[in-house]
Amino acid sequence: KPNKSKKKVEANLTREEELERENELLKLENAYLKKLRAFRENPNAFHEKHRQKWHSHSKRKDTD
């Protein structure tokens, strides 16, 4: 049934809206692939970046 409702929504879109939707999906896919490539090239950088965020968040909680 999800396909049925999806087709109804797409049928109500104008050509411009369809292209805008496709463009947004392609942008999301591109961003995902860039992050995936960066992670594959240097997985430690990804973990270090998130480790830094975690420490900065935990410091804020301690000072409250």
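Modeller: Start with burial. Of the 64 residues in the protein chain, 0% count as buried (under 20% relative accessible area; exposed is over 50%, partly exposed in between, 1.4 Å probe, protein chains only). This is a predicted model: local features need pLDDT of at least 70, side-chain atom pairs count only at pLDDT 80 or more, and totals for chains, interfaces and linings use all residues. Residues are numbered from 1 along each chain as its sequence is written, and side-chain values use heavy atoms, leaving out hydrogens and water.

Colleague: What does the protein chain average in pLDDT?

Modeller: pLDDT is the predictor's confidence in each residue, from 0 to 100. The chain averages 79, and 61% of the residues score at least 70.

Colleague: Which element has the lowest mean pLDDT, and which the highest?

Modeller: Helix 1 (residues 2–11) has the lowest, 62, and helix 2 the highest, 96.

Colleague: How many helices and strands are there?

Modeller: Both are DSSP runs, numbered from the N terminus: helices are H or I, at least four residues, and strands are E, at least two. The protein chain has three helices and zero strands. Its pattern along the sequence is α-α-α.

Colleague: How many salt bridges does a search of the whole structure find?

Modeller: Side chains of opposite charge can pair when their charged atoms come close. A salt bridge puts a side-chain nitrogen of Lys or Arg within 4 Å of a carboxyl oxygen of Asp or Glu. The search finds one. Arg15 and Glu18 form it, at 3.6 Å, N to O.

Colleague: Where do Arg15 and Glu18 lie?

Modeller: Both sit in helix 2 (residues 15–41), three residues apart, about one turn of the helix. Arg15 is exposed at 56% relative accessible area. Glu18 is partly exposed at 33%.

Colleague: Is Phe46 buried or partly exposed?

Modeller: Partly exposed, with a relative accessible area of 40%. Phe46 belongs to helix 3 (residues 43–63). Its C-alpha atom is 9.2 Å from that of Lys35, 11 residues away along the chain.
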